[in-house]
Amino acid sequence: MYETEIHALSALEPAASLIAQITEWRRPGEYRFKADFPAEYKQWVRTANTLRKSKDRDFRDYGQYMRRFSDVITELDELPKDSRKFRRKMAEFGRIVDQGLKVHAKLNERVEVENGI
């Protein structure tokens, strides 16, 4: 495993917990992750960019999905909820979550659970 990627994922835990709560308790289009939690948003993007630069394909894929996830929820906040674009963006959001979970599961198979990682 790569130390940089493991360290980045360890630092991501507070932002990941927050994003889980936001997506669970707020309605689509009202996530406001970037606006309401700028420090956590920056950590999320920083981790995604670190992973996207990895030599390991699984980490790169995970970083790519993390970045697409944050971009889509930010775009959802800006779209009118009764528009066709909003519905399309919600469908894209679902696909990104599904693909990201698959990559996450693949990484979990490889990474030994240690210190909360």
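Student: Which exposed residues does the face of α1 turned away from its buried side carry?
Tutor: That face carries E3, T4 and H7. Keep in mind that this is a predicted model.

Student: And which residues of α1 are buried?
Tutor: They are E5, I6, A8 and L9. Seen down the axis of α1, they fall within an arc of 160°, so they line one face of the helix.

Student: What do those buried residues pack against?
Tutor: The buried residues of α1 pack against α2, α4 and α5.

Student: Let's zoom in on E5. Is E5 buried or exposed, and why?
Tutor: E5 counts as buried because its relative accessible area is 6%, and buried means under 20%.

Student: What is E5 in contact with, leaving aside its neighbours within four places in sequence?
Tutor: E5 touches L51, S54, K55 and F59. Take S54: it sits 49 residues from E5 along the chain, and the two C-alpha atoms are separated by 7.3 Å.

Student: Back to whole helices. How do the axes of α1 and α4 cross?
Tutor: They cross at roughly 160° and come within 9 Å. Angles over 145 degrees count as roughly antiparallel, so α1 and α4 are roughly antiparallel to each other.

Student: Is that crossing left-handed or right-handed?
Tutor: The crossing of α1 and α4 is left-handed.

Student: Which residues make the contact?
Tutor: From α1, they are T4, E5, A8, L9 and A11. From α4, they are Q43, T47, T50 and L51.

Student: New topic: α2. What span should it have?
Tutor: Helix α2 covers residues 13-25. At 1.5 Å a residue, its 13 residues should span 18 Å, and its end C-alpha atoms are 18 Å apart, which agrees.

Student: Which of its residues are buried?
Tutor: In α2, the buried ones are A15, L18, I19 and I22. They cover an arc of only 100° around the axis, which puts them on the same side of α2.

Student: Why would residues spaced like that point the same way?
Tutor: An α-helix has 3.6 residues a turn, so residues three or four places apart point the same way.

Student: What's exposed on the other side of α2?
Tutor: E24 and W25 are exposed there.

Student: And the buried side of α2, what does it pack against?
Tutor: The buried residues of α2 pack against α3 (33-36), α4 (38-52) and α5 (57-78).

Student: OK, α5 then. What span should its 22 residues have?
Tutor: They should span 32 Å at 1.5 Å a residue. The end C-alpha atoms of α5 are 32 Å apart, so this agrees.

Student: Which residues of α5 are buried?
Tutor: Among them are F59, Y62, Y65, M66, F69 and I73. S70 and D58 are also on the list.

Student: What do the buried residues of α5 pack against?
Tutor: They pack against α1, α2, α3, α4 and α6 (84-110).

Student: Why does S70 count as buried?
Tutor: S70 counts as buried because its relative accessibility is 1%. Leaving aside neighbours within four places in sequence, S70 is in contact with Y41, W44 and V45.

Student: And why does D58 count as buried?
Tutor: D58 has 12% relative accessibility, so it counts as buried.

Student: What does D58 touch, not counting residues up to four places away in sequence?
Tutor: D58 touches V103, K106, L107 and R110.

Notes: Residues are numbered from 1 along each chain as its sequence is written. This is a predicted model: local features need pLDDT of at least 70, side-chain atom pairs count only at pLDDT 80 or more; totals for chains, interfaces and linings use all residues. Side-chain values use heavy atoms; hydrogens and water are left out. Helices (H or I, at least four residues) and strands (E, at least two) are DSSP runs, numbered from the N terminus. The expected span of a helix is 1.5 Å times one less than its number of residues. Buried means under 20% relative accessible area, exposed over 50%, partly exposed in between (1.4 Å probe, protein chains only). The arc is that of the directions from the helix axis to the C-beta atoms. Contact means heavy atoms within 4.5 Å. Axes are lines fitted to C-alpha atoms, for helices over the stretch in contact, and angles run from 0 to 180 degrees between N-to-C directions. Angles under 35 degrees count as roughly parallel, over 145 as roughly antiparallel, 65 to 115 as roughly perpendicular and the rest as oblique. A crossing is left-handed if the near helix is turned anticlockwise from the far one by less than a right angle, and right-handed if clockwise.
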